[in-house]
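This briefing covers the pockets of one protein model. It takes each pocket in turn, with its lining and its place among the domains.

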Amino acid sequence: MGKRIVIASDSFKGSASSKEVGTYISEGIHSLYPDYETKVFSIADGGEGTVDAILDVNQGEKVTVSVRGPLDSLVDASYAIIDDGRTAVLEMAAASGITLVDSGSLDIMKASTYGTGQMIKSALEHGVERIYIGIGGSATNDGGMGMAAALGVKFFDAQGKELTANGENLSKVASLDASATEGCFDSVELIILSDVTNPLCGSNGATAIYGPQKGASEDLIKVLDEGLANFAQVIKKTLHKDIKDVPGAGAAGGLGAGLMAFLNGQSQRGIDKILQMIHIEEDIKRADLVITGEGRMDGQSINGKAPIGIAAIAKKYGVPTVAIVGSRSLELDEVYHQGIAGVFDIVNRPMTLDAAMADTRSLVLSASRNLIALFGTLTK
């Protein structure tokens, strides 16, 4: 009798989307067991792919707007309107993401979340009652200053001169005028989807932990961290909101803090909410096997990443979960403790990263055939 298999892998960044990985796994399964029933879900944890994952199983429309990218050049950013027009789903990476900037052009001091604010403004103009915003994959470290500026908030230096909203000017902010956003979110709920619990500042803050991957040197990390601390102090003095040490304030270069301070944003673990929104639990409950995955599985995978969220649901119903991954670390004990029974990496011979990325489809097909051959034999 055919088995029911739920496939829900995160994307293999740079080589295959969540849906593509899932489709390859399904193809591999059906090449050996054509009678097995497979259902592929697109998933994300708040970063790239969040909008597509939601639209994949929810009726709605995709809205595309031209906004400022992280370094001011125009980009087309898309978000979803679902729930009969009542709910918008955004991902900040579409407007202010690191993939929008060539690695050689990264400029953490100049990068701004202004385009993310423009997306939020567009969603408000659609009359939504609720906004979900995934904030993974940022190129920015401006504390949400740009986002707020796009919604009309003004920032001034000690001489009263209005400042351009970016990381470089965080330390110069002496006062702000947030009257433009007063009352805007009294009747609109804003929910931040993130797997990050870092505070805004300090050794575990936005800049110290995530700044280096955005091109920040040690000297710039110190400058930006001090700038965020100053920004938080001005917010506390003006808005009477102390967001500096709130868990998640440091997400997306401090965008988490800005959303909390200016738009009354409330943070939720991204993967948990997204899995709820794509209604995956009912299918997992009836499955014989769950296959998840991600580009690389290591010790960081337990921190709110998609595969662990999938495994937690499957564990409730006694359904085994295995992972197909682009690569893996040698130490995965904690991953196994979280409910993933086995990890199959796709690299089957010595090869460069570029070669593996170029051959993702055939490598995933091979790994899925290997996995399902074992499963089929063990469950006969």
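**Pocket briefing**

The second largest pocket has 22 lining residues, and those nearest its centre are Glu48, Gly49, Val51, Asp52 and Glu91. The model is predicted. The largest pocket holds about 1,300 Å³ of space, while the volume of the second largest pocket is about 350 Å³.

**Second largest pocket**

- By residue class, the lining of the second largest pocket consists of seven nonpolar, seven polar and eight charged residues.
- At least two lining residues of the second largest pocket come from each of helix H1 (18-32), helix H2 (50-57), strand E4 (74-82) and helix H3 (93-96).
- The second largest pocket lies between domain 1 (4-43 + 279-379) and domain 2 (58-270), because both domains give residues to its lining.

**Largest pocket**

- The lining of the largest pocket is made up of 44 residues, with Lys13, Asp45, Gly137, Gln213 and Lys305 nearest the centre.
- That lining contains 14 nonpolar, 20 polar and 10 charged residues.
- Strand E9 (189-194), strand E11 (289-297) and strand E12 (321-328) are among the elements that each supply at least two residues of the lining of the largest pocket.
- Helix H8 (251-263) and helix H13 (353-358) also each supply at least two residues of that lining.
- Since domain 1 (4-43 + 279-379) and domain 2 (58-270) both give residues to the lining of the largest pocket, this pocket lies between them.

Terms used
Residues numbered from 1 in each chain as written. Predicted model: local features only at pLDDT ≥ 70, side-chain atom pairs only at ≥ 80, totals over all residues. Heavy atoms only, no water. 1 Å grid on protein atoms, 1.4 Å probe; cavity = no way out; pocket = protein on both sides within 12 Å on 5 of 7 lines; lining within 4 Å. Points joined across faces, edges and corners; volume = space filled by probe spheres on them. Helix = DSSP H or I, 4+ residues; strand = E, 2+ residues; numbered from the N terminus. Nonpolar A, V, L, I, M, F, W, Y, C, P; charged D, E, K, R; others polar. Domains from an automatic or database assignment.
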